[in-house]
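I opened this one to look up a few contacts, a sheet and some loops. My notes follow in the order I made them.

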Amino acid sequence: MSTVAAQDATMYWLSSRTPNDLFMLYCFDDSGRPSAELREFVARRSARIADLSVRLRELPGDLDYPSWVPCDFRDEQFVEHVLPEPHWRGVCTVVGKLLGTGVDAAVRPWRLHVFRGIDGAPAPGRRGAAGPATVVVLQMSHALADGRRAAQIARALFTGPELATGTEAAADPFAGAADAHAGCLARRIGTAAIESAPVDRIPVDSALALLRMPLQFVRTVVRGYQAWRAQRELAELTTTGKLPEPGPGFTPSLINRSSALDGDLADRPAVAAHQVRMIVCAAERVRIPDRTVTVVVLTAVSIALERYLAARGEPVDRLGAQVPMALSDNRIAARNNYRSLGVDLFIDEPDPLVRADKIAAALTDRRTRARHPLLAAQDRVTAVTPAPLLRRDIDRFPIDIVPDSIAGHTVVSSVHRGPADLTFGNAPVRFTGGFPAIGSVMHLTHGVHGLGDTVTVSVHADTAAVPDIDTYTDLLRDALNEVFDCATGSVG
């Protein structure tokens, strides 16, 4: 049994107020194998991956943080969606609907959605018409993983044929060469062996949690004082120029103040309806000299979003984006280990390449500040806060209010998911995508996901804030081409 970290518990408790699951899309060629065989493969492979073989166990009254306990695969974790017309557009429609749902990590923290025989799916690098595709969407509780860890879990699930030994080999529908790489990944990302936690331990664990609580209060106060001193030191370092300033604040735009969300909070939905689009690119189209893929996409988003808002009758002087950044502190046991950086998009700079350089410099400053040890002081407070107090704060936090100043108008989340050596049913992967969550402030988000020689820019929007997602997606595609053409023209 393994108690979850405060950061992960926060994600779990927030999920009861707003959907925050991770959704990772992988598009494969369709192998033609029966879906029952695919389901059996997923059941056997997931049983070898510790992160896919657990669920959360809560204590009454949230006296302590939930714990991870073992669980077996259930058939309902493999969901096949049969579309009236198996076409790529229909997949995007259903995925949009799925984004408004959430798994219950206390039952099972993940689910695999499968679409078979899909026509019209992108096939970057293929000449001529591509055959039908199998599209899978791995839905995962955010308590189980952040974007980087989730990509590792998916890689363990889809890397090569399943290892089979002894009598299992004959029954394995995907039996083939041993895949040591997949086995290594499964062991590496999995937690240590988790002992079973029988229900009759709940009273004992509850009593132990009550006994620990006074010490937790003392540690919270001590670390709170340390955090206050860290804030003073951070302010001094910032004033003297030894540390970059925090990200700027921005005035919300119409995509942050959805008209459908006006009125009484009790009578309105957090999101009207979810919709998605994907721009699948050859990686060479978003890799330009001396700029990262993240910076190239941020530059394109700055161009597209400015033009989109102008066309909607709201020209803006400034735009910003929130960019999640993974932290590499191995001492932190949390499955969610990242910070969100607020970055100016410098729309007052007309030259796309100069704008890209300014965005890159701002992103470097935000990362430098985010990595400073003093900034972890508040995290150390949260880590020892008694569970009932943290749960109370989460339940009371005003997530439905759009503040006067926000850290960014949109989200651009970027994760490279490794080489394109993944398979499903022995069929090769084409590309991958992902969809950062939207909520009461962020009604438009972007996922940037690389796999091998492809990069997919995914768009996730609320229909109330972005009623014409195809218009915005076209603007974004044009902006990506504009940045690339500008770069190749300048070096040619």
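Predicted model: local features only at pLDDT ≥ 70, side-chain atom pairs only at ≥ 80, totals over all residues.

Started with alanine 326: besides neighbours within four places in sequence, I find it in contact (heavy atoms within 4.5 Å) with Arg148, Asn337 and Tyr338. Alanine 326 sits in strand β9; strands here are DSSP E runs of at least two residues, helices are H or I runs of at least four, and both are numbered from the N terminus. At 39% relative accessibility I put alanine 326 down as partly exposed, given that buried means under 20% relative accessible area, exposed over 50% and partly exposed in between, with a 1.4 Å probe and protein chains only.

Numbering runs from 1 along each chain as its sequence is written, and side-chain values use heavy atoms, with hydrogens and water left out.

Next, the cores. A nonpolar core is a set of buried Ala, Val, Leu, Ile, Met, Phe, Trp, Tyr and Cys residues joined through side-chain atoms within 4.5 Å. The largest one has 51 residues, and Ile255, Leu298, Leu444, Val466, Tyr472 and Leu476 have the most contacts inside it. Elements that each give this core at least two residues include β8, β9, α9 and α12. Its largest share, 11 residues, comes from α8.

I traced six strands in an open sheet, ordered β5-β6-β7-β2-β13-β12, with mixed pairing; two strands pair if DSSP finds at least two bridges between them. β5 (78–80) and β12 (423–424) are at the edges with a single partner strand each, so one side of each has no neighbour in the sheet. β12 pairs with β13 (residues 427–434) in the antiparallel sense, over two bridges. One of the residues I looked up there, threonine 423, has proline 428 in β13 as its bridge partner.

Which helix lies across β2, β6, β7 and β12? I found α4 (residues 147–158), running at about 35° to β2. Axes are lines fitted to C-alpha atoms, for helices over the stretch in contact, and angles run from 0 to 180 degrees between N-to-C directions.

Last, the loops. Aspartate 62 has phi near 50°; it lies in the loop between β3 and β4 and is buried at 14% relative accessibility. Aspartate 290 has phi of about 65°; it lies in the loop between β8 and α8 and is exposed at 81%. Glycine 439, in the loop between β13 and β14, is buried at 15%. The C-alpha atoms of glycine 439 and threonine 18 are 7.1 Å apart, although 421 residues separate them along the chain.
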